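Reader: Before I set up any calculation on this two-chain model, could you take me through its architecture in questions and answers, with the cut-offs behind each term?

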Amino acid sequence: MAASSHIPLVEMRDIEKHFGSVIALSGVSVTVNAGEVHCLLGDNGAGKSTFIKTMAGVFRPTSGQMLIDGKPVTFSGPRDALDAGIATVYQDLAMIPLMSVTRNFFMGREPVKGIWPFRHVDFDFCDRVTREEMKRIGIDVRDPGQAVGTLSGGERQCVAISRAVYFGAKVLILDEPTSALGVRQTSMVLKYIDMVRKRGLGVVFITHNVRHAMAVGNRFTVLNRGKTLGTARRGEITAEELQNLMAGGRELAELSDELGGTV
Amino acid sequence: MSQQEAANLASAKDERLKEAPLVLRLMRRPELGAVMGLMIVTVFFIVVANATMFEFSGIMNFLAPAAQLGILAIGASLLMVGGEFDLSVGSMVAFTGLIFAACVVTIGLPLPVAILLTLAFAAAMGLMNGQIVIHTGLPSFIVTLAFLFILRGLSLVGLKWATGGSTQLRGVREAATQTPLDSFFYEIFAGDVFEGLFSWLAANDLIAKFPNGQPKVTGIPVEIVWFALIAVLAAWVLTRTRYGNWIFAAGGDANAARNSGVPVRRVKTSLFMITACCAALVAILTVLDSGSTDARRGFQKEFEAIIAAVIGGCLLTGGYGSAIGAAIGAIIFGMVLIGLTYTTIDQDWYLVFLGAMLLMAVFFNNIIRKRVTGER
């Protein structure tokens, strides 16, 4: 890939995170390049969530270095990460079901017009943009004023992603975007991830579904018990090997034999 | 069925869908319940009550208490949309009333200074409420319940200290109108406004007047003007501004809001401060109006304010509601409280009404919300 010769968009070096006596991360290194989907795999409790939250500025790493475009940074909150172009789409989507699609889309980054004290949100503009962005990803929102609670899971996921993209994210962290979705909605989301990559964004795709990862991933990093088990490029590793790495290898191979190779 | 027919059916369906948004948009308004309630109550009193109730003077009669409650209810509604409660607003009225009266009478400060000090003090108390709620993670219900008692008790103790043993502090009006500057501010916070306009209207036989030429209504009580201004301002802030969107977000899902870059802590703390300042404003208005303060001021107003906010469409779980709705809820209260005196019905039915209205509002709001948000 051409992008790998450039400075990575984000580089996380030996990130450690302790919560009291619990060591959630013990030295994780990951790089994210432009135009590339970097899959982060791991079983429950492997430290995926802690790692991406560190990357997104929610947690401060106990030790380790974080570089953006080759320059070291420290985030004091999610806002800093957003400003640096790192956007996260969490599992719970950071969407509020009672609020309208438009209000959710622009939550925390509302465009304002007018001079103080008459400054207010430009809702005409917001509605227009929301409707356009929804159309682009193929969701027919009849009325951007409708509550997010009325959208399907896949639609909500795509709205959340398109929100991040619209606000100029350079790096997109997707926390298990396909875990709660049906087959058709999953393919809708995967297709959209591919679209985002082609626009030149770096994507961190967290999943524990190897098939979803293989479908869109360029590189794969497996986390286990707070450690990186290594990064592999597409074509260097098979789905089976990934699956084994994720589950700690041997146990799963044995289980797989018992169940007739279905795991 | 031919393809043509199928297409026709599909387009017919679309036609129906296009009609739905108008009804839906109406249903989506949180204040719908309050508007309907107001209409029902109005029709009821038009039928039952003496016709003088809906004369101009009658309307002023029930709007005045509605305004006092309304200012509290608007503050409470913003806070509830933001996902928190404040049960201490009633006691806050008593306590800030004491602070204000003590500043004016006991210490003898100029009125504008006393007003500023009172508001600043209320804001500080709100800040404390907010900080305790945020940093302990305790429900605001419990924290402010504690302050309901603490502030009420402090009001009693403070009043005895300020007066030397009494629980009433008098002489505010005299102390507050000593200099021209004081009188200027007194006019903003007490009495009537538009008096000139009203005597002009009376002189030209445009409104009802007494035989001596004095208009029956000399002006609009100033608290009604404050109420209207605050209602419009709060509604605008809540629905049109960035801060308003943050209030909805903080109350809808604090975590999601935080992850989207909304400063949830600051929003919630500021809402506690706004609610407390609303209580302080009511205290200033009522203390100047009556010329005295006592320890029972604002008694149980916190519940009435929350009920008005709920009637106005606020969900107890936060994230949904309306300031205008809360204002209408307060008007319903005033209308029933005063309206009953225009009927032969026993006044004490007011309390029965209060409870029944709350129950109906919550029930109605839940149904509407499920419809609108597609919850199952």
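Predicted model: local features only at pLDDT ≥ 70, side-chain atom pairs only at ≥ 80, totals over all residues.

Author: Residues are numbered from 1 along each chain as its sequence is written, and chains are lettered from A and ligands numbered from 1 in the order in which they are written.

Reader: In what order do the six strands of the open sheet in chain A stand?

Author: Helices (H or I, at least four residues) and strands (E, at least two) are DSSP runs numbered from the N terminus, and two strands pair if DSSP finds at least two bridges between them. β6 (86-89) and β12 of chain A each have a single partner strand and stand at the edges, so one side of each is left without a neighbour in the sheet. The pairing is mixed, and the order in chain A is β6-β9-β10-β3-β11-β12.

Reader: Over how many bridges does β3(A) pair with β10(A)?

Author: Strand β3 of chain A (residues 36-41) pairs with β11(A) in the parallel sense over four bridges, and Cys39(A) stands opposite Phe220(A) in that strand, β11(A). Towards β10(A), Leu41(A) stands opposite Thr207(A). This pairing with β10 (residues 202-207) of chain A is likewise in the parallel sense, and the number of bridges is six.

Reader: Which residue takes a positive phi in the hairpin of β11(A) and β12(A)?

Author: β11(A) and strand β12 (residues 227-233) of chain A run antiparallel and are joined by five bridges, with Leu223(A) opposite Thr228(A). Two residues lie between the strands of the hairpin, and the one with a positive phi, near 50 degrees, is Arg225(A).

Reader: At what angle does helix α6 of chain A run to β10(A)?

Author: Axes are lines fitted to C-alpha atoms, for helices over the stretch in contact, and angles run from 0 to 180 degrees between N-to-C directions. Helix α1 (residues 48-55) of chain A lies across β3, β6, β9 (171-175), β10 and β11 of chain A, at about 150 degrees to β9(A). Helix α6 (residues 183-198) of chain A lies across β3, β9 and β10 of chain A, and its angle to β10(A) is about 155 degrees.

Reader: Is Gly82(B) buried or exposed?

Author: A residue is buried if 20 or more other C-beta atoms, placed from the backbone, lie within 10 Å of its own, exposed if 12 or fewer, and partly exposed in between. Gly82(B) is in the loop between α3 (56-81) and α4 (89-106) of chain B. Because 29 other C-beta atoms lie within 10 Å, Gly82(B) is buried.

Reader: How many of the 11 residues of helix α14 of chain B are buried?

Author: Among the buried residues of α14(B) are Lys301(B), Glu302(B) and Glu304(B), and the helix is followed by Gly313(B), whose phi is positive, near 105 degrees. Helix α14 (residues 301-311) of chain B is largely enclosed by the rest of the structure, because the buried residues number 10.

Reader: Which element gives the most to the side of chain A that touches chain B?

Author: Counting two residues as in contact if their C-beta atoms, placed from the backbone, lie within 7 Å, 26 residues of chain A are in contact with 24 residues of chain B. On the side of chain A that touches chain B, α2 (78-83) and β8 (120-121) of chain A each supply at least two residues. The element that gives the most, with three residues, is α2(A).
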